[in-house]
Amino acid sequence: MEKLAILGGEPVRRKPFAQFPVFDERELSALKEVLESGVWGGYNPKVAEFEQAFAEFHQARFGITAANGTVTLETALAAAGIGAGCEVIVPPISFIATATAVLRIGATPVFADIDEATYNLNPSRVEEVITKRTRAIIPVHFAGQPADMDALMSIAERHQLIVIEDCAHAHGASWKGKSIGSFGHFGSFSFQASKNLTAGEGGLLTSNDEELAEIARSICNQGRRTGGGWYEHVRLGTNYRLTGWQAAILLSQFSRLPEQIERRNENARFLNEQLSGMDLISTPYVDERVTSHSYYLYMIRLNPEQFPGTTKDNFVKALAAEGIPCSAGYPHPLYKNQVFNDYKHIRNDCPEAERMCSNSFWLSHEIMLSQPDSLNDVTFAIEKVVGGIGDLAKAI
Ligand SMILES: Cc1ncc(COP(=O)(O)O)c(C=O)c1O
């Protein structure tokens, strides 16, 4: 067996994987159109064009753009009337914004544990933390795999809860043929630089509820109402508007999304096949009711009994040294972040989330857009690190 790169051997790969984001003349000419229109702010017609196209693609009647995928969560919560004294159930495995958006509007995030296999909110754990103060649930479609929307919507209906789907990882994903972002009262999307669809920054809410959509739009636009005057403010709002530049990029990038989803799925099938026989690792578990996975992250779980003496972090460092872009992922469940030290009452016992943080990592998403032949290097590098696990354990 060849020496691991982290121990001084030759790396498996020195070339980069696919370029991301992908762009060409389409983006340049869309930007030029905005430049020449002179309408550089939030009311460039491209904003409405993007809102409509993106919402329709996700089977939603309304699309409301905003500055990013954090303020979309805050706006959705505020539009639903959630604030001080309310509890909102969130998963502990997500980006921090899913939970801090709840704090920012004055409510309390309550963590419910994840499902061991999918890493998404476990509906049984959600039921256990419902109290008379619970007003909403924010399921995250983690890594691009839809959460169990059958069970979560049924719980929400029984308890009359608002559902805000955090779709930041899952552009274009679907559950039993129905698009994510069309189940709950709102779907919240991010177009931040790392996301499958990006303009560097940006966000969008989908909704099928006309009244909630109008309130959300109004909050994002200084409390104005649709059809109202520029200096007419009917509610407390702020300026979360998206610019014409971002809409131009998003429209062009959006035209590439279906083909990119296809490529990500093709590459995931290849990796699943190639990596399936190894005891040390498990490839992503996908619920059979998922009809489209957007593979924002390709999750790999390490089986700890198979690698005594080393850790996930060391495995990931060794894989990165072989030239494979990967991340050790979230270091701990959200509630272990210092920000929550000031909120001692927040519930924080989620053993599955703890386990996930100690044994799961992800391949970065440019790998999922690469040509299939470069994926051989990924499987070869993983096999090499698995084969050299004993040396790694001794050396680190
Ligand atoms: C699950 C999740 N929710 C919310 C956000 C916040 O989005 P943004 O960075 O656009 O504010 C992100 C990403 O950054 C995310 O991954």
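This is a predicted model: local features need pLDDT of at least 70, side-chain atom pairs count only at pLDDT 80 or more; totals for chains, interfaces and linings use all residues.
View 1. Strand β6 (residues 174-175) and β11 run antiparallel and are joined by two bridges. The pair belongs to an open three-stranded sheet with the order β7-β6-β11 and antiparallel pairing. β7 (178-179) and β11 (290-292) are the edge strands. Each has a single partner strand, so one side of each lacks a neighbour in the sheet.

**View 2. C326 and L363 are bridge partners in a second open sheet.** L363 of β14 is the bridge partner of C326. Two bridges pair β13 with strand β14 (residues 360-363) in the antiparallel sense. The open sheet has four strands, ordered β10-β12-β14-β13, and its pairing is antiparallel. At the edges stand β10 (281-282) and β13 (326-327). Strands of a sheet pair through backbone hydrogen bonds, either parallel or antiparallel.

**View 3. The shell around the ligand holds 14 residues.** G69, T70, F95, A168 and S190 come nearest to the ligand. By class, the shell has nine polar, four nonpolar and one charged residue.

**View 4. Helices α3 and α7 cross at roughly 125°.** Helix α3 spans residues 71-79 and helix α7 residues 210-220. Their axes come within 9 Å. The two helices are therefore oblique to each other. The crossing of α3 past α7 is right-handed. From α3, the contact uses T75, A76, A78 and A79. From α7, L212, I215, A216, I219 and C220 take part. Eight residues of this contact are nonpolar, one is polar and none is charged.

**View 5. Helices α2 and α8 cross at roughly 35°.** The axes of helix α2 (residues 45-57) and helix α8 (residues 244-254) come within 8 Å. This crossing is left-handed. On the α2 side, K46, V47, E49, F50, A53 and F54 make the contact. On the α8 side, they meet G244, A247, A248, L250, L251 and F254. The contact of α2 with α8 counts nine nonpolar residues, one polar and two charged.

**View 6. Helices α9 and α12 pack at an angle of about 30°.** Helix α9 covers residues 257-275, and helix α12 covers residues 375-387. Their axes lie 10 Å apart. The angle makes α9 roughly parallel to α12, because angles under 35 degrees count as roughly parallel. The crossing of α9 and α12 is right-handed. N267, F270, L271, Q274 and L275 are the contact residues of α9. They meet L375, V378, T379 and I382 of α12. Six of the contact residues are nonpolar, three are polar and none is charged.

View 7. Most residues other than glycine have a negative phi, and most peptide bonds are trans. The peptide bond from F20 to P21 is cis, with omega near -5°. P21 lies in the segment before α1 (25-37). Q222 has a positive phi, near 55°, although this residue is not glycine. The loop between α7 and α8 holds Q222.

Terms used
Residues are numbered from 1 along each chain as its sequence is written. Axes are lines fitted to C-alpha atoms, for helices over the stretch in contact, and angles run from 0 to 180 degrees between N-to-C directions. Angles under 35 degrees count as roughly parallel, over 145 as roughly antiparallel, 65 to 115 as roughly perpendicular and the rest as oblique. A crossing is left-handed if the near helix is turned anticlockwise from the far one by less than a right angle, and right-handed if clockwise. Two residues are in contact if their C-beta atoms, placed from the backbone, lie within 7 Å. Ala, Val, Leu, Ile, Met, Phe, Trp, Tyr, Cys and Pro count as nonpolar, Asp, Glu, Lys and Arg as charged, and the others, Gly among them, as polar. Two strands pair if DSSP finds at least two bridges between them. A residue is near a molecule or strand if its C-beta atom, placed from the backbone, lies within 6 Å of it.
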